[in-house]
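Student: I would like to learn how to read salt bridges and sheets in a model. Can we work through one example?

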Amino acid sequence: MSAKYSCQTIAALLRLHDVRDVVLSPGSRNLPIIQAIDEEESLRKHIVIDERSAAFMALGMAQADRRPVAVVCTSGTALLNYAPAVAEAFYQHLPLIVISADRPGQWIDQDDSQTIRQPGALANFVKYSCDLPDYDDPSGEMGWYARRCVNDALLAAVSPDTGPVHINVQLSEPLLCDFPVLEDIRPIRCLRADDTLTREQVKELAVVLRHKKVMVVAGFMSPSSVMSQGLTMLASLPNVVVLAETTANVYGRGIFHCVDRILTLVNDGDPVFTPDIVITVGGPLVSRHLKAFLRAAPSVRHWSVGHSHVSADVFKHLEMRINASADKFIHAIADALAQEQTACTYAAAWHSLRVADNKRHDKRVSLSGWSSLKAFATFWPMIQPRTNVQLSNGTCVRYAQLFYNPSIHSCHCNRGVSGIDGCTSTAVGASMIYEGITLLVTGDMSFAYDSGALALPAPDRFKIIVMNNGGGGIFRFIKATRSYSGVEKYLCADPHLQVRNLAELSGYAYFRAESEEQLRSSFEAFMHTPSRAILEIVLPPDLDAKAITDYFRHE
């Protein structure tokens with residue numbers, strides 16, 4: 001017999017999310033789902049032959065007590081018979097959980113029996129849908145994916161705007177199953193508030209955190225004095241360490257701002273620095289070092305704070321979504337924790353790294369030749385106060401993670417999906433609204449991609465730095481691509497930019513730096529010129545990649 005882990009995951013999470021009733025319709029392809037649900041004694045099973053009647057019966061159950069009810073069918077048109085009841089549930093806002101068995105994806109449209117295009121078949125009438133593959137390793141990535149998707153579906157069904165959801169499950173033969181014990185089935189909980197959690201909810205969470213090693217991680221956000229104050233308060237506590245990325249736009253005493261720098265001194269899995277609970281606020285993270293560090297710690301519990309309709313389980317340890325104002329939550333939890341400080345050396349261990357981090361950083365920057373690393377070390381501290389900085393994706397946002405300038409007004413990058421398209425156009429748009437200087441720091445490939453933005457009506461206070469290292473420099477040092485023999489031709493793809501010509505054609509003043517000395521002498525003039533301007537920093541491609549590789553090399 002085979003083990004259908006997706007079915008076991010669904011059955012276990014139905015129980016853990018307090019589902020009581022499941023309406024089952026007979027079939028062969030859904031046999032593994034029926035078996036798994038039959039194993040869960042707490043679930044009440046109701047057998048109905050006709051799927052249309054089964055779905056409407058489940059609808060009536062949900063009407064009676066507003067609790068979620070699951071319906072399970074086999075593959076093919078059985079799913080389509082659910083449609084009338086699902087549509088009714090959608091407009092009545094009733095939490096119907098549709099679980100459909102399906103053939104493996106490679107057999108769809110191959111004239112095999114009972115195969116139709118099931119994924120998305122109910123898309124117009126469900127709040128959430130997912131398509132789970134058949135997989136063999138419950139501890140691998142597909143197992144993690146299935147657990148996350150089922151959790152998301154069950155949370156979506158009972159969110160404040162309740163409604164139906166659809167879980168489609170691909171199942172290969174043999175269909176008769178045995179069920180080994182799965183140890184990593186845990187529900188993702190969700191605390192919800194329109195704005196702020198109640199005092200009682202905050203107190204309960206503070207009780208959990210008070211005796212734990214806590215790491216708070218801030219991803220990209222707009223500047224907020226409330227957030228900065230709250231994170232500063234948390235950073236002062238002995239059991240809390242606060243890491244803030246450059247685009248988080250938070251500043252305060254005790255906060256670690258150069259995330260990638262400090263993590264070069266920490267070994268994955270080191271119990272001294274590994275948190276018990278990590279709390280995230282803001283958007284997706286830049287730091288691959290931080291993601292690797294936390295993914296390697298199996299006992300970490302992750303709380304994600306902020307209004308969201310999906311479970312962003314970036315560390316693979318998500319335990320709870322706190323759907324509330326992140327600003328107000330951080331301030332409230334900091335207040336609650338400050339009331340009763342406990343003896344703990346967690347924060348002290350992290351702070352002991354600061355001196356070593358600064359020495360190591362300064363030494364490696366000083367030893368690097370002319371490179372993007374040296375250029376950033378030169379101009380980043382020279383950016384004048386209240387400048388609005390925009391960063392392109394690729395290397396620029398990653399270099400910015402290594403430096404700290406608290407006088408900058410704000411720092412932004414299109415990290416939602418991390419594309420290089422539109423970085424210059426975004427920065428022009430920001431410059432038209434922000435009354436101070438807007439400075440875009442971009443790579444030559446990103447600049448070439450969005451060169452049409454130079455025709456946009458940018459104001460004179462708009463400035464651009466182009467880091468010209470002969471194409472996509474990131475591909476020269478990331479592990480996935482640097483050893484590929486065709487990296488220069490196919491990935492780096494030097495655009496051979498004529499930056500001076502582009503600047504002159506578009507009405508931009510042009511500056512150029514090919515060394516640290518030239519950069520120091522030209523930067524002030526570039527920033528203070530009374531017209532929009534472009535500073536091209538020309539860098540040697542090979543030395544550029546070597547400098548950043550050496551910087552992150554463990555001694």
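Student: Is Asp-109 buried, partly exposed or exposed?

Tutor: Asp-109 is partly exposed, at 47% relative accessible area; buried means under 20%, exposed over 50%, and partly exposed lies in between (1.4 Å probe, protein chains only). This is a predicted model, in which local features need pLDDT of at least 70 and side-chain atom pairs count only at pLDDT 80 or more, while totals for chains, interfaces and linings use all residues. Residues are numbered from 1 along each chain as its sequence is written, and side-chain values use heavy atoms, with hydrogens and water left out.

Student: Which side chain does Asp-109 meet in a salt bridge?

Tutor: Side chains of opposite charge can pair when their charged atoms come close. The criterion for a salt bridge is a side-chain nitrogen of Lys or Arg within 4 Å of a carboxyl oxygen of Asp or Glu. Here the partner of Asp-109 is Arg-117, at 3.0 Å from N to O. Arg-117 counts as exposed, with 63% relative accessibility.

Student: How many salt bridges does the structure hold?

Tutor: There are 14. One of them joins Arg-261 to Asp-357, with the closest N and O atoms 3.4 Å apart. Arg-261 lies in helix 8 (residues 259-263) and Asp-357 in helix 12 (residues 353-367), so this pair ties together parts 96 residues apart in sequence. Helices (H or I, at least four residues) and strands (E, at least two) are DSSP runs, numbered from the N terminus. Both Arg-261 and Asp-357 are buried.

Student: Which residue forms a salt bridge with Glu-319?

Tutor: Arg-301 does, at 2.9 Å from N to O. Glu-319 belongs to strand 12 (residues 318-323) and Arg-301 to strand 11 (residues 301-305), so the bridge links parts 18 residues apart in sequence. Glu-319 is buried, at 18% relative accessible area, whereas Arg-301 is partly exposed at 24%.

Student: In what order do the strands of the open sheet run?

Tutor: Strands of a sheet pair through backbone hydrogen bonds, either parallel or antiparallel. Two strands pair if DSSP finds at least two bridges between them. In this case 6 strands form an open sheet in the order 7-12-11-10-8-9, and the pairing is parallel.

Student: Which strands stand at the edges?

Tutor: Strand 7 (189-192) and strand 9 (240-244) do; each has a single partner strand, so one side of each is left without a neighbour in the sheet. Strand 7 pairs with strand 12 in the parallel sense over 4 bridges. Arg-189 has Met-320 in strand 12 as its bridge partner.
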